[in-house]
Amino acid sequence: MVQRFRTLPPRYWLVLVVVLFFIGLPTVIDSFQAGEWAQALVLAIAIMGLNILVGYSGQLSLGHGAFMALGAYISAILVHRYKLDYLLTIPIAGLLAGLIGFLFGVPALRLSALYLALATFALAVVAPSLIKRPAELTGGVQGIVLLPPVPPQGASDAYAAVTGAAMTSDQWTYYVTLAWGLLLFWLAWNLLRHRTGRAMRAIRDGEVAAAASGINLAGYKTLAFGISAFYAGIAGSLFGLAAGFVSPDSFPVSLSIQLLVGAVVGGLASIPGPLIGGIFAYFLPIESNQWVPTQTWIPTQIASTIEKAGPAVTYGAVLILTMIFAPNGIVGLVGAGYARLRGRLRGVPDRESGQMPQDPQTV
Amino acid sequence: MAALLELEDVRAGYGPTSVLHGISLEVQDGEVVSLLGANGAGKTTTLRAITGGVRWTGDIRFSGKSLRKMHTEDVVRHGIAHVPEGRGILTELTVEENLKLGSHLRRDGPAVRKDYERVFEYFPVLRDRRRLSASTLSGGEQQMLALARAFLMKPRLMLLDEPSLGLAPLVVRAIFEIIRAINTEDRVAVLLVEQNARLALEMSSKAYVLEVGRLAIKGSSAELKGNDAVRRSYLGY
Amino acid sequence: MQEFLQLVVSGIATGGIFASLALALVLIYNAMGLVNFAQGEMAMVATFIAFTLISHGVNYWIAFPATLVIAFAGGIAIQRIVIRPVERAPLLTLVIITLGLTTLLNGLAGAIFGYVPRSFPSPFSVQTVDIFGAFASYRDLGVIAVSGVVLLAIYLLLQRTTVGLTMRAAAHHPEASRLLGVRVSWMLALGWGLASAVGAVSGIMVAPIILLEPNMMQTIIIYAFAAAVLGGIESPLGAVIGGLIVGVTVNLAGTYLPFVGGDLQLAVALAIIIGVLVLKPNGLLGRPSVRRV
């Protein structure tokens, strides 16, 4: 047993540290901030779903905001109309969204990258109007308001035992989100390590070759759509929980763009990427709005334009710059840097020039 | 007199893998030279280095001018036509459009028209099919199109990468006849990469044999044909 | 009956606009092999540039060609700066980059000009023409006519000139074209410049009708896309027919189907897209394409 511990690769220790960090986080930040981090985790879950679609199976979607809306509204309606316990509705929302996503994946097979982007973009644009329509069911423009969840006694006691304070609603939401996040990330990691992941990556890198190797192209591509919609649905449901209400305006087109930016910046086709992406996507607009006005070297004209433009300009620039300079996102940069460092330390020849690195002792 | 094409100690490769380890060869004006060797010996890479499709070190000179750091399209504009592995047919376009891309840089109108006549004389099927998509041509016909297109470029040197690949013997014979005609009538030099060594030696005056990225043998075709040991070890017949 | 006829006629008029945009999409995406999600936003920015010129007193007939020149240069610049670095990257990368461009341009336009719709002058009068008792405005017809002329010119350029040939070759077969002496990089840049100018024409023509604001091209591109899909993405004639059908259908659905109403007309377009892809993926006139390895 001890032996196995020793032989675990360093990556596992890193994961453990990160998990512990997130478990402990609410104890050192205030309740409101815990709510914010919950939202970031929500985005991370949705981005993980998008990543499976884009990064692993190579299909672009600009409509994942719509799948989040679907999940959010399914949960909200089940709670509001049918008085179900909110926690119960989360997996239901995910599965229903996943099913719809799977169905959507069928016509999607016919479209190449650009056209698929357009089609899913259309979906995202139309979604708010579609939601407003059946106003009886969805509450129309006003949406549905949800009562803040009350932390169950057991959890609250445990929390109080550790921190001496009662658990707030925001913190409970955070922990629910975290639990789902851990589950879903673990699920994704397993999925992608094995046959499904390999098949998808084969498809992404060369459809014709993959098909020739016997991979069921249509099957895996629609499966990818379904799985990623499932993730988005769960994220949407958790979003409703965290925000306390759902409305058509909570899911504009820019949300879908935000998800894509997060996926790209974090690192497509990586597991930690979506987590980093989610944090980035959530906190960047908030931080930059506070940071830009304080920078005196930016002329006021430009600064006010950036403020008015909101995150759109930043997102656009980030997407472009990332794809040009760091197409594998932050995870890619870190990975490349780490590999180069290890290479230097171990004395591996530099691939580019074919030269051995300098012996560290002699300079 | 300086050779038309000179390669001097050329090394080339793809990323970390080195394929050519110092090749030197020469093609004179109007000469047909064979570049032989087994699969993977580096023959295609040599041609690609000449037209800038792969990074190389050493020197490559055409008509005395170094081709270092030149983009492919500029190397080609200096008078080198390269028919690559796979023939490089533009399948989205018609046969006629493919041919036009061969002649599109030329300014000598009447001469171009005469050359088109000759092309259709050599390859009547290209005239018959000229409005059809190039993707409808058979393998042999595509080879003819590629050759015709190269001829229309009015190059001083043609690089041909395995023109016989995948073609029936009769078709191959016809194509090689035409290559010979182009060489003798228009004084176009040819650097011919072939796995079919016998065919190549019949056409060329000089041959180089590559082995794993290095020059194993060079000599006149007559010498190589005559040398039984060389034929059996290096040329496979 | 009169109402129905009117709806059909005005549907054909708007359909004509969709058709011209769908044609532009088909030409640009297929013939030129251009992958540009930001086509609409670039057109919108060009229209705003024209607007700025005109509101500073420049004559419409000078501002128009000036804008085309600026759009042309802008298209080339974008290709050189943003697209060329990733020339050899997979398709997905290109789409994401042009997506970033879309967001960037939209945000900038919104920040500089705001989101309040503005009116934009048109060289055509709003007077209507009587067609079998229904009315279509000169403006709608004018838009269709101008777009038709421009697209015809582009088509002729691409199919009948050497420059057009080299542009198509560069777009579809860059490596093979280089071996034929084609300066692929510059041909691609030229393609972008041209596409950008065509987009500017669409924007300037359409703005008087749908009012100028940063989001104006977004919904229209979706309609155009639906038209292209319906007609069969590879077929120019299909794009025209598709456009007309989409125009009429959306109009009729908006009036006669109570749950559609005004704001869900776009959903009709989406339904068309999905419907076609599921039932008849090659559209009305498309040919099943064979993918070559």
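Ser34(B) is buried in the predicted model, with a relative accessible area of 0% (buried means under 20%, with a 1.4 Å probe and protein chains only). The residue lies in strand S3 of chain B, residues 32-37 (strands are DSSP runs of E of at least two residues, helices runs of H or I of at least four, numbered from the N terminus). The side chain of Ser34(B) makes a polar contact of 2.6 Å with that of Ser204(B); such a contact is a pair of N or O atoms within 3.5 Å, where within protein one must be able to donate a hydrogen and the other to accept it, and residues adjacent in sequence count only if both atoms are side-chain atoms. With residues up to four places away in sequence left out, Ser34(B) touches residues including Leu192(B), Ala200(B) and Tyr208(B) (heavy atoms within 4.5 Å).

Chain C and chain B bury about 1,800 Å² between them, 64% of it on carbon and sulfur atoms (accessible area lost on being put together, 1.4 Å probe, summed over both parts). Chain C contributes 18 residues to the contact and chain B 22 residues. Two salt bridges are found across this interface (a side-chain nitrogen of Lys or Arg within 4 Å of a carboxyl oxygen of Asp or Glu). Asp74(B) and Arg183(C) form a salt bridge at 2.5 Å, N to O. On the side of chain C that touches chain B, H6(C) provides the largest share, six residues.

Local features require pLDDT of at least 70 and side-chain atom pairs pLDDT 80 or more, whereas totals for chains, interfaces and linings use all residues. Residues are numbered from 1 along each chain as its sequence is written, chains are lettered from A in the order in which they are written, and side-chain values use heavy atoms, without hydrogens and water.

Technical notes: Buried < 20%, exposed > 50% of the residue type's maximum accessible area, 1.4 Å probe, protein only. Buried area = accessible area lost by both parts, 1.4 Å probe.
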